[in-house]
Amino acid sequence: MNEKAQIVDLQSIGHSSGIITVAESGRDFPFSVQRAYFLHGLTERSKRGAHGHVKLRQLMIAVSGSFRVSLTGVQGTEVFRLSEPTQGLLIPPMTWRDIDEFTNSAVCMVLASDRYDEADYIRNYSDFLDRLKSEN
Ligand code: TYD
């Protein structure tokens with residue numbers, strides 16, 4: 001599976017009383033999930049992210065509402081608007097992310113390849129760009 005930042009379409013199973021959407025490891029995204037977390041209590045003024053990860057891979061899903069995700073990595077900068085619970089945004093390692101323009105009460109769910117490890121974060125943008133350049 002290509003590991004560039006990209007939208008992946010998730011399988012949805014329609015039902016007269018609702019829809020099941022499935023994100024399956026190895027089929028829809030290229031890692032095993034070690035952690036799931038979600039951002040909620042968000043408002044239009046919320047700004048999240050502002051960091052990169054060295055090794056972590058993630059699949060981000062707007063399970064409710066919508067928001068903007070700006071990613072910078074080896075591909076350059078790409079901006080995505082997540083608004084469909086049937087789509088995931090695959091975020092490869094060494095990607096800086098800024099997340100904003102949330103709709104009120106949006107919920108951002110993240111499936112992650114590793115448990116929480118502060119040592120995997122790069123929180124300074126110029127340090128991130130230096131490291132990205134040195135690795136490519
Ligand atoms: P951070 O990843 O910077 O949040 P976001 O990208 O959503 O803005 O995390 C915010 C704080 O929460 C930071 O102190 C680390 C902590 N945190 C955990 O303890 N465990 C986790 O799994 C996550 C994602 C964050």
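In this predicted model, strand β5 gives the largest share of the lining of the largest pocket, namely four residues. Strands here are DSSP runs of E with at least two residues, helices are runs of H or I with at least four, and both are numbered from the N terminus. Residues are numbered from 1 along each chain as its sequence is written, and side-chain values use heavy atoms, without hydrogens and water. Local features need pLDDT of at least 70 and side-chain atom pairs count only at pLDDT 80 or more, while totals for chains, interfaces and linings use all residues.

The largest pocket holds about 160 Å³ of space. A pocket is an open set of points, on a 1 Å grid over the protein atoms alone, where a 1.4 Å probe fits and protein lies on both sides within 12 Å along at least five of seven lines; lining residues have an atom within 4 Å of a point. Grid points are joined across faces, edges and corners, and the volume is the space filled by probe spheres set on them. Among the lining residues are Tyr37, Arg48, His51 and Ile99.

Strand β5 also belongs to an open sheet with antiparallel pairing, in the order β8-β7-β10-β5-β12, where two strands pair if DSSP finds at least two bridges between them. Five bridges join β5 to β10, and Arg48 has Ile99 in β10 as its bridge partner. Helix α1 (residues 125-135) packs on the sheet, touching β5, β7, β10 and β12, with contact meaning heavy atoms within 4.5 Å.

Methods
Axes fitted to C-alpha atoms, helices over the stretch in contact; angles between N-to-C directions.
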